[in-house]
Amino acid sequence: MMVSPRIEDTFVKVIFGWGILAAMFTSGPVKVNVFVGANSKTNSTSNPWWLSGGTSNNEPAAGFGDVNISAILNSFQMGYDKRVRPNYGGQAVTVGVTMFVLSISELSEVGMDFTLDMYFRQFWQDPRLSFERRPGLDKLVVGAEYIKLIWVPDTFFVNEKTAYFHDATTDNQFVRIFHTGDILRSIRLTITASCPMDLQYFPMDSQLCYIEIESFGYTMSDIRYKWNDGLNSVQVSGDVSLPQFKVLGHRQKTIEASLSTGNYSRLACEIQFVRSMGYYLIQIYIPSSLIVVISWVSFWLNRGATPARVGLGVTTVLTMTTLISSTNSALPKISYVKSIDVYLAACFFMVFASLLEYASVGYMAKRIQMRKNRFLAIQKMAEQKKNEALHASNANINDATNLDLGPGLPKQTTVHFKVHDPSRHCKGGSRENTITKYNNAHPVGRFPRRFDEEAPPPPPAPCPPAPKMVQPISVVTPKDINKMFGITASDIDKYSRVIFPITFVCFQLMYWIIYQHLSDILVEDLVFLQKE
């Protein structure tokens, strides 16, 4: 006997089959984490299938009360092409951007770059992702997996060197889909960007580093960027600190970049850094100044202490050379002069001048001693010449006045008289002649003369050769023998004890006043990080 199937059983089977089919359609290959920030009432059996909260295997549905969130997300993919931007062929997509800087880890002069960690957020509207708003459900917050299924702007950083995403413990990004179709994408990035620096006033400089944001492929007819929150679009954490810099503030700019492929919308965030002087004062400025002061010690040492003065001068010069080399090794090889180069060059010049000062003292002392030795030698030679001339003159006079008449002649009385005959007069004085009176009888055959008769003067004797005149020798007086150019060797040390310190102090005042004034430059329209 055959039993006809009950209508209730057939109806149950049909419903069961529809439930299996619904479960197959609603369960897709994409696993989505859905977070909703509000509670709702329990579901109702009178709602359509896409609002059903149950499944065929009695597992809890990925739903929001009586709403099936998975069904909504899957419904977005029906006819959705992520390769095409929203409003393709129509109005350009406006992409709003905000940044929150978590930390700035490095600002390198050698690499001309800086590294920062930030939250990078983008806002745009995609009407294809809009859905019906329900009480307590105005947005969907999905994880990083769903980002691969929708269109996102092809944003890149123009001056980026390296960048990486954070993925501990999962990808540090999320997407919020609002019921109006507005999309928010937030991602954590660490970026190393180039930062061309002007080191002319180093280390009293301030640097302006920037981040440039632009679409890689879409021109301004497709995407336009803007700062989403105006002046508050860029925020810097109060915990940001660097060893050598202080973050003064930032400013935002909107740029239209003209390239060979078209005009592109670009955003720029400029951050101003002010360098701290503490490290360079302790490591460079104070040591170099002390080295200069140490080099002045040689001015108080004895001129004869050659090893001490030379050793001190050479040591200070080599120390300054090492300090200059170590300072420039930590900086890029630039062709222009930095302010620290001016200071170190002045210190090196002062130290080198101290060494040259002792060289000039030694040279002058040597020249003065040579002049002394030459003066003594010339003085001794002049005394010898004077004595020789005196002896020669006395010998000639004795030969002329004491004539010998020979043996056998009678005694005669010699009477001196002067002859004023110019032709017989010797140059330079009067000639003395003699007359002779014979005391004995006159010679045979002659009468004796009267005693009072003057005898004819004898023929004058020839003039003796005049002694050679010694030319006067010009010698330096003893008053000027110890000076050269009007100063002595000791005077150089005395003047240096005053001139060197005064010169260095004047340089210090001019250096700090001028460079502090030149380097005190603030950027216009700057949003200060800390209100002063």
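Helix 5 gives the largest share of the lining of the largest cavity, namely 3 residues, where helices are DSSP runs of H or I with at least four residues and strands are runs of E with at least two, numbered from the N terminus. Please keep in mind that this is a predicted model, in which local features need pLDDT of at least 70 and side-chain atom pairs pLDDT 80 or more, while totals for chains, interfaces and linings use all residues. Residues are numbered from 1 along each chain as its sequence is written, and side-chain values use heavy atoms, with hydrogens and water left out.

The search of the whole structure finds 1 cavity of 30 Å³ or more, a cavity being a set of points on a 1 Å grid over the protein atoms alone where a 1.4 Å probe fits but cannot get out, with lining residues having an atom within 4 Å of a point. Its volume, the space filled by probe spheres set on the points, is about 40 Å³. Ser295, Ser298, Arg309, Gly313, Ser354, Leu355 and Tyr358 line the largest cavity, and helix 4 (306-329) and helix 5 (339-401) each supply at least two of the lining residues.

Turning to the cysteines, a disulfide (a pair of cysteine sulfur atoms within 2.5 Å) joins cysteine 195 to cysteine 209, with S to S at 1.9 Å. Cysteine 195 lies in the loop between strand 10 (182-194) and strand 11 (206-215) and cysteine 209 in strand 11, so the pair ties together parts 14 residues apart in sequence. The torsion about the S-S bond is about -80 degrees, and the disulfide is therefore left-handed.

Terms used: On a 1 Å grid over the protein atoms alone, a cavity is a set of points where a 1.4 Å probe fits but cannot get out, and a pocket is an open set with protein on both sides within 12 Å along at least five of seven lines; lining residues have an atom within 4 Å of a point.
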